[in-house]
Every structure is written in structure tokens, then in C-alpha cells.
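Student: I would like to learn how to read the aromatic side chains and the surface of a model. Could you take me through it step by step?

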Amino acid sequence: MTASARRLIVYYAILAVVTVVVVVVVFAAGSDEKTQPAIAGGYDVAPPAASCTGPQVDVTQSGQFVGLRKPDGTVLSRARLRDGRLKGDVTCAGGGERALVATVAVKGVLAGTLGGVPLRAELKRDPPAPGALRPRPPPSIAGKYKLAPRSDCLGGAFELEKAGGNAYEIKGGTGRLVYSDGPIAGRVTCRDKSVRAVTGQAVNRDLTLTVPAGGTATAPEKVAASKQRDFTRLVAAFFLAVVVVMLFARLMGAAVARFRQPRVMGEVLAGILLGPTVFGLLFGDLQRALFPSDVIPLIGVVANLGLIFYMFLVGLELDLSQLRGRLAQTAAISNTGVAIPMLAGIAVALPTYTLIGPPSNGGFTAFALFMGVSMSITAFPVLARILVERRMLRRPVGALALASAAIDDVSAWFLIALATAVATAGGGFDVVRTILLAGAFCLVMGVGVRPLIARVSRAYDEAGRVPVTWITAIFAMVLLAAFTTEEIGIALIFGGFIAGTVMPRHAGLTEDVTHRMEDFVVLLLLPLFFAYTGLKTNVLLLDRPELVVLTLVLLVVAIACKYGGSVLASRVVGLGWRESAVIGALMNTRGLTELIVLNLALEKGVISEALFAALVLMALVTTFMAGPVLNRLDPKNEFGEPVGAELDRAREETAAITPMPIPEQSILVAPQTEAAVAQLLAVAVPLATSEPPRELIIARLIEPPRGASVRGGLQTERFQLAEAAAEVDRVRADLLARAVPARAVAFTSTDVGSDLAKLAEREDVDLVLLDGRRPFRGDGVPRGEIGSVLRRAPSDVAVLVAREDAVIALGPEAPLVVPFGGAEHDWAALELGAWLAAATGAPLRLLGASGDGDGDDDASRLLATASLLVQRFVGVAAEPLLAESGREGLLQAAAGAGLLVIGLSDRWREEGLGPVRHEIAGAAPAPILFVRRGLRPGALAPRTDVTQFTWSHVGAGVSGVS
């Protein structure tokens, strides 16, 4: 047995002892702990205390922390509930403060004193569900209402119509109400024909009405009325909410991506900003209009649907084959990264439970388990994206972190299932039964469903895609699995996750299935989940020093134990301090996975809304901090591969298969699409085979899938990368067979433009040749990866813009046309055009504008000078071509070109192409090669000044530098 093996055995033994001790001690102590009685809800306050609070009070509660508010949301008191006694100061509606002392006399009744006068308040309304809108009076109460319970006086429904001013008529003429920014008063004719005075309150879309005794009624009635709307209007309101959520999520995702943060965390932040913390606080009326109370349940349904399919994608991405060769190290880091924060969460749950824990199913056990799970989570998708962006996947530290996170992910979902079972089942026998049913479900999915669904792999191989019938079967399997786990008592999401894990591991199949559902899930459904989470996240509930301190304590515990546990395990398995610190920073990311856990805990009633808000903040901080911490630990990215490492491997591969000498100079060919490969080679090969010879470097840079920041996307990337590598390898083999020196690489890039510029600098490239898109011909400045290469690459850059079906065949029948005005960028275009003409035999034409007859602005002398220089340096006869002055003449002269070569001004960032070049580019049917001069001096431009012509002003009678 090796020393490292003995060290691991001792380490596991110590960890096991610590785990047993903490679990036994904490759960033994917690079994006697009780939370405060539930007192949240709407109360009717009896006189004389009502003179201070008003007749109705809404009570909110997070453990010991209790808030008293008027129905319109005005805060009356922040009180504390301990051992059944409620104490605090109440700010009266008319001003002044009074001391509150009350107890729960009987269930649903608060009795005590308020400023020395008797207090009695009876619970009449259930507390709002998490995510309910902040209570505010609506601008109008007109509409249809449904009453619950049914009223003996008013029946089961009524409709209010605006009658002028603040008055509203009950449709049918049975009553008239006056509404004034919350309070309601009026008279109604009851069903027994008696006329009674009615009072009440309007909040959001709900009315609470009090009908006094009278007629045949011997007791007063208190009823709640909810505003109804037609189904089509409800659907329309839901669609509006979806649009707002989707667009704001994309906006915030793009915003945080500029700071090199995961895009998904921007979408999470968007959901929280749309909630009561910011949007509801600043623009409450607008929030209620966009997210009315009857739309929020619809958002919840669709959000859960998205969550189920997201979990399916996560399970589909899971690849345990990456554990090969490093199982001992991986298991130690993952197990410690789960165990230590799990134990810390369980331990911190002991004092937290009595402070802020709600009465819940499962009691302290479920609370402690969810607290432990929330501390131990690692967000595998977020970690995977960080590794990809930092190019760490091929390096030992990155591979070890990824494998550890994969085990962590699986462990977390099973722990979540256990915690949910405890919260749902209640008693010990029911918990055991739920766990056994969950085990049976996993067995059936693995042994029964997996072989059946494996047939889809054969169907894919036969058809090259997943048939629609099988897609339907897969969707049905996911939904049925979610239904089954919910019925068992372990949550919908677990079924989606298990459905993903039993799918066959086939790269093409995985990519096809993912492609079918990813856009809909990632762009539409998941942002609704983030919004649904945000509507339930009210950071304003952390409004007391104790709660702020508790939030900070939870944050410190989460970071110290997850980070510290991972560092400790990494040291035990033999890694250095720096490597261990990097792994700790990576494992400390929590992301979307944490939000799923917290939503589940809140839904099951295991944690309170204030604790939910505190833990959401913890999830955000620990995820956002990962990038900056890694930058401090590894500022030069020494744990990641440098851009271009693939080129070194490609050089070795090429040297192994051909004895051909490799030229010192090179051309970097970077096709952005498969269709552009042949087009770019039609330009690159003649340049490479001219004198001096140049090596062609074929580089396909693959951008991550759209949903990669959410689900990881590693399997999809591997599939796309394998296809791209096969494609460029075929191109390299063909070039080598034609005696053209070539290397070929394909790799994933999160910033294609920047990486191409780095490759150009690293390899001392003469020319970067890439394909553009039709938007490059627009009025604006080139942006995206093309703009980045033009801005950063030190070499010359040529961008080919052509239709996908265009065939570029340079030769005697396909002239090269260079619009020429004598500026530096025109000389750059002429130089490249001249070399192409010399290599292909294509006629070279220099296009200029004829003057207006006085010779001052005629381009003849300039074109003649350029033609002589081309003849001298390249040995190619260049034909000057004078077009009639004006845009139309130039466009007509350029119409017969086989390839247009156009120079880009060094002011392209501000000017783009310029008006005339823009018109030529837009109207010419020929492919266009835009050329931007690099840092090296041109071979053709004369040292002395020559006449320069401004293409942007042709026909306008203005001369200058273009």
C-alpha cells in the first residue's frame, strides 16, 4: 500500500468520525427544538386597539421576526415573537408609538395590550403565498368578482361598474359602493331584500368586505372577493409578462457577460430585480400591472415545466467517464466538498431553526438537511463554463475540478431527494417508505426504461436524426418521470434529472435532442423560473440587524466550509496550495442549482421567506465571486492552456505525416461557417503558393452552444468540436496532397475575434483571412468577431463577403477589380490584389473616377503610377479603368468583377466603409475581399506622397484623404 493510499484511508476515517459525531449531536439536540407558533395572516382588530392599528392588520412572520402592516402595506411594527409572546413598538395610524405585548391565547387569536389598552385580534385571512405582490390599493375596483366563502347577502359573485367619481354600482342595481384609495363603504340590497351598510378594503385584486347582521342574518359576514377576468384576457396578460421577463433576462445576461460573469447569473439577477426588492419597491403599480396575482400561478406552472426539462438536460450532460484515471482524487475532493459544508449547514441550523425557522413538515430534521444541502451545492454547469472560458479542461487542475463537480452534482440531487422525502413524508416510517419508492423508481428507470430508450440510438444512426416519434417518446418519458417522483414525494425535478441520466450516451443523439429543446427551455422557460424565484425573493425582509448578521454568518460559513473543505481535500490528495485554492474557488460556485434547492425548500415550507432571501444572496455572492477570485489566484491563467497550444500539437502531427519543409511565413485561414471553407481556400492557396511560399493554418473556432452557461454544454461542444476537427483534417490532407504546407486546428472559443488575433500574433502571421456575413455590407461599423479581429490583429486582415452558393474561381475570365484612391488602405488592397493576379493569371483592373474635364480631380495619373509600381514589383500588368464621375458610373464599372478587393480605411471604426464603398459592396454581385493594413509597411506604397482621391466624395467635387 502506498503512502498516499494510507493517507487517504486515515483521512476518510477522520472524516467519517467527524460526520457521525456532528450528525448525532446536532440531531439529538435539535429533536427538542421548536419554532415559534405560526401567527401570519390577516387579522381583524377589535376596539379600542383598532383606533391605533386600524380595523385590519396583516401579520408577516419569519420565525421570531414578525411584521405588522396595514392592508395597504404601511408598516406598523417590527416585533419579536419569543416563547409565544409577541413584543414590539407599534406606530399608530394617527401618529405616536405604543408598546405591544400579546400572546397566542387560542389558535388564531392574539390577545394582550397595546399601549395599556386591551388588544384582541382574530385571524380571518390566510397569509399570502410566497411571491404574492406587495399589498397596495388598486386605482379602480371595477370588474367581476368571485366571493369566497359564498355570501348569504351578496351571493357567490357580483360585478362592479364605474358610476362616476369614486362611486361604483353593483351590476343589477343591488348596491352602490364608494371607494377611496383602499377603504370601501356603501349600501347594498341583500338577497333577502334587506338593505345593509357595507365596509371593506381593496388590496391589489382582492376585496375584503364586512356585511353587518340584518334581515334574516343574525351575525355579520366577512367575505373575500377576488377579481376575475376572461380567460383570453388572462392569457394575453400572461404573454405580456413572458415578453417582459424574456427580454429583461436577455438584457441582464448580456450586461453581466461584459464583466466576464456567467450569462445565466445575469438572468437570475434579472428575476430578482423584477421582484419586490427593486421593481416592486420603486414601481409597485407597474409591477402589479405586469405581474398581476392571477398571472403569477401561470408563471409558476410554466417555470416548473422549464425546470423539469432543464434537469433532463443536466442529466443528459452528465458524463461519469471523465472520472477514469483519477477516481481516488476526485472522490476525496468531492466527498469532502459535500461533507464539510453539509455538516456545517446542519450545525448552523441548530441556532438558526429557533430564530428564523418556520413551522414545517419534517421539523428540525428537514430544516437541517436543507440547510446542509444548500451549503454543499456546487453548480456543475457554471463551473464547466468557467473551465471552458479559461481553457482549463485539458489541464490537470481543470479536469480534476470538473470530475469532482460531476460527483458533487449527483450527490447533491440524491441529498435533495432525501431532504424532500423527510419534509414531505413526516413520520419515520413514511420517510423510509418514500426512500424505498425512490430507490425502486431509479431501479426501474435504469433497468427497465434505459434498454427501451436505448433503441433511439439505433434510430438516430439509421436516420441521421432523432425521428419525431422518438422525440415524442422522450418528452413523454421526462414528464411521466417527473409525475412519478412528485407522487412518490421527492419533487418533480428529480424525475427530470433521472430521465436525463438514463438516456444513451451518443454524441450525435445528445446534440440532436438538446438542439430540439434547448432554445425553448433556455430562452423562454428558464427565465420564467428566474422571475418566479425573484418574485418570491424579498431582500427587504432582512430589515433588522439580527437578520443582516445572520445573512453574513451564513455567507461566511458557506464560503469557508465549501472553499476550505475542497482546499483541505486537495492538499490531502497531494496538490499544492495554489492548485488547491483554485479548486476551492471553482467548487464554491452555486448558481442555478442552489436556487432550485431553495425554491424546493420554500415550496415545502421548510424555510421562511427571510431565510430564503438570505440564502439567495449567498448563492449570488458565491457564484459572482468565483471569477474575480480565480483571477487573483491565477492572473496569468497558468492553469489554462494558452491560445494556440493546439497549433503546436498540429505542427507535430503534420511533421509526423509529411517530410515537406514548413515555410517561416504563414496565412491564418479562419472559416466561420462550413460553406466558407472552399471560398477562403480559393483565395488563400494562390497566396500560399506564390513567392515567398507560406504555410496555411486552417483554424475552426467553435463558439459554445447558446444554452451552455445554463447547462454546461460540454457534450454538445465535444460533438461540434469532433465534427469541426474532422472537417479541417480533411482540408489539411487535401492541401498536403497538393503540396501546400498546412496545419489544421479546431477548438472551442468564447471570444473568437480575440483568440484569432492572439493566434495571428503568436504565429507571426502575414495575413488573417476570414469570411464575413452580409451585415458586414451594412451602413454601420463592423462588429462582433470580425470587428474584434480588425481591431486587434497585428497582421493584415482580409474579410471575404460572398453568398453561400458563390463559387470563387480566379483566372483569366474572372478579373480582379481594385477600387483605388491612393490612400494607405487602397495600397493594401492593391498589394493583395496584385499577388492574387500574379498567382492566378486573373486580369487586374484599377478602378478610378474620371474628372469633370479640368484634370484636377481625374484619377488617370494616380492609376498610371500605381500600374507602374505593380508591374515593377509583381510583374503584373494592371489595367487602369476610369469610370464616369458619380456613383452610378463606379457601380457599372465594378459590375463585371470576379472578385472585388476593397481597402478599409484606418478610420474604419468611425466611418465603416464610407458611402461609395458601401454602395459598391451592396450592389456588386461579385464576392468582395475587404482588406485592412496591419502594422507592417506595405510593399507597394511609394515613399513619397502621391495624389490621393476621396472615394467617399466621388461626384461631389470634393477631394481629400479617404
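Tutor: Gladly! Rings of Phe, Tyr and Trp (its six-membered ring) pair if their centres lie within 6.5 Å; planes under 30 degrees apart count as stacked, over 60 as edge-to-face and the rest as tilted. Here, ring pairs join Phe27, Tyr353, Phe364 and Phe367 into a cluster. Keep in mind that this is a predicted model, where local features need pLDDT of at least 70, side-chain atom pairs count only at pLDDT 80 or more, and totals for chains, interfaces and linings use all residues. Residues are numbered from 1 along each chain as its sequence is written, and side-chain values use heavy atoms, with hydrogens and water left out.

Student: How many aromatic pairs does this rule give?

Tutor: The count comes to 13 aromatic pairs. Take Tyr145 and Phe158: the ring centres are 5.7 Å apart and the planes are at 25°, so this pair is stacked. The pair links distant parts of the chain, with Tyr145 in strand E9 (residues 143-151) and Phe158 in strand E10 (residues 155-164), 13 residues apart. Strands (E, at least two residues) and helices (H or I, at least four) are DSSP runs, numbered from the N terminus.

Student: Are Tyr145 and Phe158 buried or exposed?

Tutor: Buried means under 20% relative accessible area, exposed over 50%, and partly exposed in between (1.4 Å probe, protein chains only). Tyr145 counts as buried because its relative accessibility is 4%, and Phe158 counts as buried because its value is 10%.

Student: What kind of aromatic pair do Tyr168 and Tyr179 form?

Tutor: Tyr168 and Tyr179 are edge-to-face, at 6.5 Å centre to centre with 70° between the planes. Tyr168 belongs to strand E11 (residues 167-170) and Tyr179 to strand E12 (residues 175-179), eleven residues apart. Both Tyr168 and Tyr179 are buried.

Student: Which charged residue lies over the face of Phe747?

Tutor: For a charge to sit over a ring, NZ of Lys or CZ of Arg must be within 6 Å of the ring centre and within 35 degrees of the ring normal. Arg391 lies over the face of Phe747, 4.9 Å from the ring centre.

Student: And where does Phe520 lie?

Tutor: Phe520 is in helix H16 (residues 507-536). Phe520 counts as partly exposed because its relative accessibility is 48%. The C-alpha atoms of Phe520 and Glu727 are separated by 29 Å, and the two residues are 207 residues apart along the chain.
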